[in-house]
Amino acid sequence: MRIGTLNLTPDGPAAVRDTVLDAGRRGLDAVWANQMPGGWDPLTLLAAAEPGTGPAELGTAVTLTGPRHPVALATQALTTQAALDGRLTLGVGPGHAPYLTGELGLPFDAPAARTREYLEVLIPLLHGERVTHRGRFLDVDTQLTLPRPVSPPRVLLSALGPRMLEIAGELTDGTVVTWVRPEFVRDHLRPALPDTARVVVSVVVGVTTDPDRMLESVAQDFAAVGTLPSYRALLDRSGLRGPEETVVAGSEEHLAQELARFGEAGATDLVVLDLNPEGRSALDVAVTLSSSRVTA
């Protein structure tokens, strides 16, 4: 099971460079960046990493497809891939209606159908192919002609429901998810995907002697998660009241035991969001777990 980390709210490119350097020193396998409404662009943040530093994989978890045409995203992704010497993994997701429609005025109808069509344009472009597509949502007739070849990045899809998981299994290298427990990985994600597919799980983790207080803080800070339809459906399917019930908090021994369960359930990668980086780092616990070769 590979171990990575994500700086959820970085101050900017310099903070991400520091995260990449620290991840390299810790022996982590990956650093991930995400896209928050109104926040930094994750591909640009990753492109700012110093060449030859940090882990072998730098990825987005995720960048949104809704606000960006697939030709524009393919162009930026290949540019970032070139800047990172082939280390990019492109995690994508459609986003959420309150942001796409409520704030940007963009359609969010038929998200699974839109995502399938988007990927049918995006992935061939990443492979240097010409795309002639006449679809329900997109009309594209183009090819990217970069001055030198660039290897296509791996692509992951944020997929939680059956239709999105079907798309992930057919068109991408796997899925990248958050706010899930090991049981959801075992019962819903792993059976829906090919055996070779990656299952990348972001987990909020903290070493603490007062886990209840930490969970209360998460419940307050991430209360909006439970109001988003796709996450609400996910939490309800898992029998959880809110995102705080997916958090792993407690002693180092408890963290090691709980994180190992994700690997046993079929997760291939963990993205650790450390709630207490100033204390005993949850990342250190995860790295120790990884070095003991707990695998999916």
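This is a predicted model: local features need pLDDT of at least 70, side-chain atom pairs count only at pLDDT 80 or more; totals for chains, interfaces and linings use all residues.
Residues are numbered from 1 along each chain as its sequence is written, and side-chain values use heavy atoms, with hydrogens and water left out.

Student: How much space lies in the largest pocket?
Tutor: On a 1 Å grid over the protein atoms alone, a pocket is an open set of points where a 1.4 Å probe fits, with protein on both sides within 12 Å along at least five of seven lines. Grid points are joined across faces, edges and corners, and the volume is the space filled by probe spheres set on the points. For the largest pocket this space is about 1200 Å³.

Student: Which residues that line the largest pocket are the closest to its centre?
Tutor: Lining residues have an atom within 4 Å of a point. The largest pocket has 45 of them, and the closest to its centre are G95, H96, L228, S230 and Y231.

Student: Which element gives the most to the lining of the largest pocket?
Tutor: Elements are DSSP runs numbered from the N terminus: helices (H or I, at least four residues) and strands (E, at least two). Those that give two or more residues to the lining are α4 (97-100), α5 (111-126), α6 (162-171), β9 (174-178) and α9 (229-237). With six residues, the most is given by α9.

Student: How many residues of the lining of the largest pocket are nonpolar?
Tutor: Ala, Val, Leu, Ile, Met, Phe, Trp, Tyr, Cys and Pro count as nonpolar, Asp, Glu, Lys and Arg as charged, and the others, Gly among them, as polar. The lining has four charged residues and 10 polar ones, and its nonpolar residues number 31.

Student: How far apart are the end C-alpha atoms of α5?
Tutor: The expected span of a helix is 1.5 Å times one less than its number of residues. The 16 residues of α5 should therefore span 22 Å, and the distance between its end C-alpha atoms agrees, at 22 Å.

Student: What covers the buried residues of α5?
Tutor: The buried residues of α5 include A112, Y118, L119, V121, L122 and I123. Contact means heavy atoms within 4.5 Å. The cover includes α3 (70-83), β5 (88-93), β6 (131-134), β7 (139-142), β8 (154-157) and α6.

Student: Is W179 buried or exposed?
Tutor: W179 lies in the loop between β9 and α7 (182-192). Its phi is near 60°, a positive value in a residue other than glycine. Because its relative accessible area is 8%, W179 is buried.

Student: Is D85 buried or exposed?
Tutor: D85 lies in the loop between α3 and β5. It is not a glycine, yet its phi is positive, about 55°. Most residues other than glycine have a negative phi, and most peptide bonds are trans. Because its relative accessibility is 60%, D85 counts as exposed.

Student: What is the omega of the peptide bond from A61 to V62?
Tutor: V62 has its place in the loop between β3 (57-60) and β4 (63-64). The bond from A61 to V62 is cis, with omega near 0°.

Student: What is the relative accessibility of L259?
Tutor: L259 is in helix α10 (residues 252-265). Leaving aside neighbours within four places in sequence, L259 is in contact with M1, V203, V205, L270, A286 and L289. L259 counts as buried because its relative accessibility is 1%.

Student: Where is L28 found, and what is its relative accessible area?
Tutor: L28 is found in the loop between α1 (13-26) and β2 (30-33). Not counting residues up to four places away in sequence, L28 touches I3, T5, A23, P55, L283 and V287. L28 is buried, with a relative accessible area of 6%.

Definitions and conventions. Buried means under 20% relative accessible area, exposed over 50%, partly exposed in between (1.4 Å probe, protein chains only).
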